[in-house]
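Here are my notes for you, written as numbered points. Keep the model open beside them and look up each residue as you read.

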Amino acid sequence: MKICVLCPEIGNSGGNAFIGGHVNTVVQVSRALFDRGHEITIITTPHRYPGNQPDKDILQGWADVYTLPVSGAYLSVKYGLEFAFKAIQKVKKLNKHKKFDIVHGHSGYSMLALITGISAKISNLPSVHSIYCPIQVAGGNVVKLFSNEILSKFYFLLINRIIAVTKNVRNSLIKAGIPENRIAEVPIGINTELFNPNVSGNDVRKRYNIDHDQPTLLYVGNLTVQKGLSVLIEALNIVKKDIPNIKLLMVLNLPLERYAKPDRLDVDMELIFEIKEKIKRYGLEDNIIPLGLLDNMPQVMAACDVFIVPFLNTVGIADYPTSLLEAMAVGKPVIATKVGGIPEVVRHQKNGLLIEPDNVESLANAIRYMLQNKEEAKNMGKQAAKTISERFRLEIVADKIEKIYEEVISNHSGDRRY
């Protein structure tokens with residue numbers, strides 16, 4: 001099967017880690033499909049922070065990658081329009097000699113499904129589009145504003161099958177007026193060969209001078225309000241009074257030097273100056289270790305005692321945060337907020353703790369509970385790894401997607417949805 005994949009920010013990584021959960025998911029699932037004998041073509045835009053080691057590009061050897069130049073800032077109208085126009089033309093041009101069997105687009109926002117639908121329609125190909133976050137009512141930047149409940153059903157009109165990564169996303173699509181029979185629910189896939197309980201974090205602890213028994217938390221994400229990092233910093237300030245040697249590994253979605261010398265124009269960095277000021281004001285410089293783009297995320301996750309997901313909501317981001325699933329796969333107990341699809345995977349006091357969003361005291365209490373009840377936390381971690389192995393393994397997800405492709409292709413008539 002010849003699969004054309006549409007997803008921004010995959011090209012020219014230069015050895016740097018990919019940014020964002022759904023981008024990493026696209027790469028992992030595409031590789032799994034290649035390993036099953038399928039031909040993969042990826043049409044994308046440049047990596048936001050490309051490295052300088054092109055020979056370390058993990059896509060080499062298994063995917064044909066076409067990186068479309070875009071001049072607009074990430075998530076700007078110009079960026080979206082440039083990618084849309086160029087992607088549609090590129091699919092049409094490549095299809096003349098590659099003869100694709102299907103087009104599969106991926107996005108957090110519904111608006112980008114237009115690119116998948118139009119690309120496939122113009123080239124007379126069947127289409128699938130994966131949507132990673134729930135449809136919202138309104139608000140935010142232009143992309144968020146136009147990816148609302150009223151307009152979303154029109155964006156999917158040309159799509160043969162829509163893949164929702166969670167029940168929550170599926171329900172939001174139905175609420176937006178999309179027929180249930182056009183929606184398939186397939187979760188994010190986790191590579192358990194990379195992320196599993198046997199991974200060791202000892203080298204990471206040694207590198208950052210963290211004692212083997214020193215309580216260590218991990219946060220992975222950007223510095224937007226909705227990720228809740230500010231709430232975590234507030235909670236850490238409370239917990240430090242009881243556990244003064246506590247550490248927080250704070251993994252950000254940008255090179256570390258951009259954190260050290262931030263630019264107010266950086267995308268997804270609204271809170272960078274506030275966070276840095278708050279860390280200094282609370283005297284947490286010795287407790288927090290900021291990290292940038294990493295190529296050893298499994299080992300970093302293995303180095304923590306508890307993984308923290310303090311999100312305020314999941315609008316525009318993966319409804320199951322990929323990093324949450326990866327940490328669970330490594331066998332880490334998690335503390336997460338009851339937002340989006342998170343309660344579908346985190347079971348309170350079974351494989352983690354669930355708390356209300358934007359509640360500093362609850363987060364502080366949950367952190368203390370995990371660190372003071374080590375045996376229970378360890379058992380939660382074991383259950384977390386079992387959850388991922390049973391439901392989210394890459395092989396399970398790739399099998400479901402492959403079957404959807406076969407069904408869509410067999411039902412495609414070239415001039416209508418089925």
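1. Leaving aside its neighbours within four places in sequence, which residues is serine 230 in contact with? They are Leu271, Glu274, Ile275 and Lys278, where contact means heavy atoms within 4.5 Å. Serine 230 lies in helix α8 (residues 229-239); helices are DSSP runs of H or I with at least four residues, numbered from the N terminus. At 15% relative accessibility, serine 230 counts as buried. Buried means under 20% relative accessible area, exposed over 50%, and partly exposed in between, with a 1.4 Å probe and protein chains only.

2. A word on the model before going on. It is predicted, so local features need pLDDT of at least 70 and side-chain atom pairs count only at pLDDT 80 or more, while totals for chains, interfaces and linings use all residues. Residues are numbered from 1 along each chain as its sequence is written, and side-chain values use heavy atoms, with hydrogens and water left out.

3. Now for the inside. The largest nonpolar core has 82 residues; a nonpolar core is a set of buried Ala, Val, Leu, Ile, Met, Phe, Trp, Tyr and Cys residues joined through side-chain atoms within 4.5 Å. Helix α16 (residues 394-411) gives the most to this core, with seven residues. A second, separate core of 38 residues includes Leu229, Ile243, Met250 and Ile275.

4. Cysteine 304 is itself buried, with a relative accessible area of 1%.

5. Is helix α12 (residues 322-329) enclosed or open? Eight of its eight residues are buried, so α12 is largely enclosed by the rest of the structure. Among those buried residues are Thr322, Ser323 and Glu326. After α12 comes glycine 331, whose phi is positive, near 95°.

6. How many disulfides are there? The count comes to zero, taking a disulfide as a pair of cysteine sulfur atoms within 2.5 Å. For cysteine 7, the nearest cysteine sulfur is that of cysteine 4, 12 Å away. Cysteine 7 counts as buried, at 0% relative accessibility.

7. Phenylalanine 154, in helix α5 (residues 149-155), is partly exposed, with a relative accessible area of 46%.

How values were computed
Helix = DSSP H or I, 4+ residues; strand = E, 2+ residues; numbered from the N terminus.
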